[in-house]
Amino acid sequence: MSKQAVLVVGGAGFIGSHMCTLLDAAGYAVIVLDSLVSSRHRAAIPGVFVEGDMADSALVERICRQHRIDAALHFAAFIEVGESVRDPAKYFENNVIKTLKLVEALRAASVDKFIFSSTASVYGLPGAEAIDESLPVKPINPYGMTKLSIEQALASYEQAYGFRSVRLRYFNAAGADPEGELGECHDPETHLIPLILQAASGRRDHIKLFGDDYGTPDGSCIRDYVHVLDLCRAHLAALERLNAGLPGDVYNLGNGGGYSVLEVVEAAREVTGCEIEVRREARRPGDPDVLVADAGKARRDLGWTPEYGLRDIIAHAWRWEQVLCAERGAPAQGTPLR
Ligand SMILES: NC(=O)c1ccc[n+]([C@@H]2O[C@H](COP(=O)([O-])OP(=O)(O)OC[C@H]3O[C@@H](n4cnc5c(N)ncnc54)[C@H](O)[C@@H]3O)[C@@H](O)[C@H]2O)c1
């Protein structure tokens with residue numbers, strides 16, 4: 001029997017590259033479309049790689065027909081909240097207009113299964129201890145708005161055209177391939193765990209703690225960190241759901257437990273054995289005190305349970321940080337803890 005062919009759009013990025021490896025191992029034929037607009041680190045990804053923009057309809061249709069694409073997984077987006085506030089047009093163009101063009105080209109090529117990377121940012125400031133999918137969606141920045149716009153379009157496309165989609169709302173994606181082959185490499189990096197590990201390895205002097213007067217036990221914000229491989233396993237389960245003929249839906253993906261910024265720093269000190277300097281700064285606007293997922297729906301419908309906890313996430317990301325340091329010809333040289 002021939003393999004099911006899947007198109008991974010944005011497959012050269014952090015989460016997409018891990019997804020390609022998992023799909024390949026699970027027996028899918030992987031075809032990647034990525035413009036490399038934000039992938040400085042060209043990952044070693046399996047399958048066929050096509051460099052191009054997701055809004056290039058003729059290219060997308062050609063790829064679909066040539067490779068008999070049966071389903072598409074979408075990771076291609078701009079992802080920085082702060083930049084989206086400064087330059088919303090850039091975000092609406094790439095994350096909304098281009099994504100809708102991609103969907104049109106897929107529909108024209110009779111692809112009708114789609115998995116979409118959404119985000120906890122769609123909830124805005126939810127004000128609940130654990131966030132489930134029944135809470136109102138009220139994004140407070142353009143990044144979250146772009147993701148919600150696509151979620152809503154996809155829900156109506158399913159009703160009207162039978163274009164089935166699973167929308168996955170990730171909380172804080174982190175970690176790396178445990179073998180050290182792949183990992184996170186954003187430029188600029190804005191995510192907490194890679195920044196902390198850059199401070200541990202000596203690539204950066206310190207990390208900034210934005211606000212220490214939140215309504216949490218140590219005053220720093222609490223977030224839900226989920227390992228990139230756990231996210232990818234949820235995508236695989238979502239794909240199987242669509243393959244089984246079930247309807248699309250929306251799911252939160254998180255560990256269901258939160259850690260404060262200061263707790264993450266402390267765990268990173270223990271895992272790396274290195275000093276990490278923290279400098280306190282003013283709060284950033286729009287950061288909720290606590291964002292923790294209730295991922296019970298994904299557990300029930302997709303049979304998904306995250307395997308990795310915070311220490312695994314940090315240990316795997318630390319291995320990757322050492323790979324990045326070695327690639328730059330400057331092995332990790334952090335200050336050992338006294
Ligand atoms: N990283 C997180 O914590 C997180 C959290 C929630 C949601 N997400 C979502 O997950 C997805 C993947 O995030 P990531 O961290 O892997 O990002 P990333 O920047 O590492 O990867 C995105 C990839 O998409 C490509 N791309 C962007 N625009 C494109 C276009 N028009 N055509 C073709 N390729 C294009 C980029 O070159 C890059 O390789 C994004 O949609 C993001 O919004 C990420």
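**Helix 8 and helix 10**

I began with helix 8 (residues 261-272) and helix 10 (residues 310-327), which pack at an angle of about 55 degrees with their axes 10 Å apart. The model I am reading is a predicted one. From helix 8 I listed Val 264, Ala 267, Ala 268, Val 271 and Thr 272 in the contact, and from helix 10 Leu 310, Arg 311, Ile 314, Ala 315 and Trp 318. I sorted the residues of this contact by class and got eight nonpolar, one polar and one charged.

**Helix 1 and helix 7**

Next I looked up helix 1 (14-25) against helix 7 (residues 228-243). Their axes come within 9 Å and cross at roughly 60 degrees. That makes helix 1 oblique to helix 7. Helix 1 passes helix 7 in a right-handed crossing. On the helix 1 side I found Phe 14, Ile 15, His 18, Met 19 and Leu 22; they meet Val 228, Leu 229, Leu 231, Cys 232, His 235 and Leu 236 of helix 7. The class count for this contact is nine nonpolar, two polar and no charged residues.

**Helix 4 and helix 5**

For helix 4 (residues 88-108) and helix 5 (residues 142-161), I have axes that come within 9 Å and cross at roughly 20 degrees. Helix 4 is therefore roughly parallel to helix 5, the angle being under 35 degrees. I recorded the crossing of helix 4 past helix 5 as right-handed. Helix 4 brings Pro 88, Tyr 91, Phe 92, Asn 95, Val 96, Thr 99, Leu 100, Val 103 and Arg 107 to the contact. Helix 5 answers with Pro 142, Tyr 143, Thr 146, Lys 147, Ser 149, Ile 150, Ala 153, Tyr 157 and Tyr 161. By class I count twelve nonpolar, four polar and two charged residues in the contact of helix 4 with helix 5.

**Ligand shell**

I then turned to the ligand, which is surrounded by 26 residues. The closest are Gly 10, Gly 13, Ala 77, Ser 117 and Ala 173. I checked which elements supply at least two residues each to the shell: helix 1, helix 4, strand 5 (113-119) and strand 7 (172-174) do. Helix 1 gives the most, with three residues. The shell divides into twelve nonpolar, eleven polar and three charged residues.

**Backbone exceptions**

Most residues other than glycine have a negative phi, and most peptide bonds are trans. I noted one exception of each kind.

Leu 36 has a phi near 65 degrees, a positive value in a residue other than glycine. I placed Leu 36 in the loop between strand 2 (29-34) and strand 3 (48-51).

The peptide bond from Asp 187 to Pro 188 is cis, its omega being near 0 degrees. I found Pro 188 in the loop between strand 7 and helix 6 (192-201).

**Whole protein**

Last, I took the overall figures. I count ten helices and 14 strands in the protein. The C-alpha trace spans about 60 × 45 × 40 Å along its principal axes.

Key
Residues are numbered from 1 along each chain as its sequence is written. This is a predicted model: local features need pLDDT of at least 70, side-chain atom pairs count only at pLDDT 80 or more; totals for chains, interfaces and linings use all residues. Axes are lines fitted to C-alpha atoms, for helices over the stretch in contact, and angles run from 0 to 180 degrees between N-to-C directions. Helices (H or I, at least four residues) and strands (E, at least two) are DSSP runs, numbered from the N terminus. Angles under 35 degrees count as roughly parallel, over 145 as roughly antiparallel, 65 to 115 as roughly perpendicular and the rest as oblique. A crossing is left-handed if the near helix is turned anticlockwise from the far one by less than a right angle, and right-handed if clockwise. Two residues are in contact if their C-beta atoms, placed from the backbone, lie within 7 Å. Ala, Val, Leu, Ile, Met, Phe, Trp, Tyr, Cys and Pro count as nonpolar, Asp, Glu, Lys and Arg as charged, and the others, Gly among them, as polar. A residue is near a molecule or strand if its C-beta atom, placed from the backbone, lies within 6 Å of it.
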